Amino acid sequence: MSAKKLVAGLSAAVLCCLTAGVAAASPAPRASVTVSTVVTGLDNPRDLAFGRNGKLYVAEAGHGGTHCLSGGPNGMTCYGFTSGISRINISHHHARRIVSGLVSTAAQDGTFATGVDGISRRHHNIFGIITGAPDAVPAGSFGAPFRSRIKAELGRLIRVSSDGTWRRIASVGHRDYIWSGNHTSLVPGQFPDANPYGVLAQRHAQWVVDAASNTLDRVGRHGRVHVLQFIPNPPSSDSVPTCVVRGPDGALYIGELTGGGNAPGASSVWRYSRRTGNLTLWATGLTAVTGCGFHRDHFYATEFSTNGLDNAAPGTGAVVRVPANSSSPVTVVSGLNFPGGFAARQHSLFVSNWSVRPTSQGGGEVTRILLGS
């Protein structure tokens, strides 16, 4: 089984921990750091982004639906339209859906969900990337109207206006699926595949990392998708890139989850120079990165589980600060529960907590980490 097909690489060990109802530990902050919950009740929350109005936006992968096919990490893969984007009022601890009804896939219990997983703000617009590829939907599955609708949304880059209306920009998943099919030797036994997962919106283009084709893509004018770089494989499986951000130097920085079979510390941060097109290793020693970003010239990453994917459990997630050219990230907060996306503002870091969870066990959260002086 391809590890990257489980929420961009989540292993079956995660499902065991979740369904067993393992008690979660409380977050353990370093001295002078305060951790609090901003909102709860979110539906598999992933990436975070601040708007110009100071409101925080969160991508919600949803919980699949009632149209199921055999196969998948839990026996069935179920499709529906439960994904979306919410806007959070931090002061009032309130979240409101501004986009609903986007395609979502998950196991029958709502775990291993994918939908809108990555978001990025540019001016008054929010750009979202929907994980998946229309090419991977089995031929003849479902009725024609339903099948056509899910294929029209899977793998799409969308642009959301301030009033919540949205439109499709590019079929990133389709382009990456075709590309990976033409490069099967890069990850033998797993290609063709595509799961566009993280997005960065810039002035003239949007940049997307694909957690299944393991590529960095540039979406230019008229929605044309250019595959720029393949992210090299770690010791086991593949890189599974999950986040891309712009650094203070103008370069792009890419964090990776890495597929199953990798030991803790196998994840890296890559630097891509937009000027030269060179991809270089910038930092090592991380584990299962699901979100990243710069704040006051410091690079931060969320680690889904410091145990690695094969031994992931609630209470083992962390937020770390990553010095340049380092091999030992500095822990800011530990004891998180499968954290996902990252955003920062003023003196605070924000992460999505419980980014993967069965529907029956309640919703996900957004957690605030207030940094001390």
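Predicted model: local features only at pLDDT ≥ 70, side-chain atom pairs only at ≥ 80, totals over all residues.

Colleague: What is the volume of the largest pocket, and which residues lie nearest its centre?

Modeller: The general idea is that rolling a probe the size of a water molecule over the atoms shows where empty space is left. Here the largest pocket has a volume of about 790 Å³. Its lining comprises 38 residues, and Leu48, Ala49, Ser120, Leu200 and Val245 lie nearest the centre.

Colleague: How many residues does the largest nonpolar core have, and which have the most contacts inside it?

Modeller: In soluble globular proteins, nonpolar side chains tend to be buried together. In this model the largest nonpolar core has 21 residues, and Ile85, Val116, Ile119 and Ile150 have the most contacts inside it. Two or more residues come from each of several elements, including strand 4 (56–60), strand 6 (76–89), strand 8 (116–122) and helix 2 (144–153). Strand 7 gives the most to this core, with 4 residues.

Colleague: Which residues does Ile85 touch, leaving aside those up to four places away in sequence?

Modeller: On that count, Ile85 touches Tyr57, Val58, Arg96, Arg97, Ile98, Val99, Val116, Ile119, Ile126 and Val160. Another core, of 15 residues, lies apart from the largest one and has Trp282, Ala283, Ala318 and Val320 among its members.

Colleague: How many disulfides does a search of the whole structure find, and what pattern do they follow?

Modeller: The search finds 2 disulfides. With bonded cysteines counted along the chain, the pattern is 1-2, 3-4.

Colleague: Which parts does the pair of Cys68 and Cys78 tie together?

Modeller: The sulfur atoms of Cys68 and Cys78 are 2.1 Å apart, and the link is right-handed, with 105 degrees about the S-S bond. Cys68 lies in strand 5 (residues 67–70) and Cys78 in strand 6, so the pair ties together parts that are 10 residues apart in sequence. Cys68 counts as partly exposed because its relative accessibility is 25%, whereas Cys78 is buried, with a relative accessible area of 1%.

Colleague: Why is the disulfide of Cys243 and Cys292 called right-handed?

Modeller: The torsion about its S-S bond is about 125 degrees, so the disulfide is right-handed. Cys243 sits in strand 16 (residues 241–246) and Cys292 in strand 20 (residues 289–295); the pair therefore ties together parts that are 49 residues apart in sequence. The S to S distance between Cys243 and Cys292 is 2.2 Å. Cys243 is buried, with a relative accessible area of 7%, and Cys292 counts as buried at 7% relative accessibility.

How values were computed
Residues numbered from 1 in each chain as written. Heavy atoms only, no water. Core = buried A, V, L, I, M, F, W, Y, C linked by side-chain atoms within 4.5 Å. Buried < 20%, exposed > 50% of the residue type's maximum accessible area, 1.4 Å probe, protein only. Contact = heavy atoms within 4.5 Å. Disulfide = S-S within 2.5 Å. 1 Å grid on protein atoms, 1.4 Å probe; cavity = no way out; pocket = protein on both sides within 12 Å on 5 of 7 lines; lining within 4 Å. Points joined across faces, edges and corners; volume = space filled by probe spheres on them.
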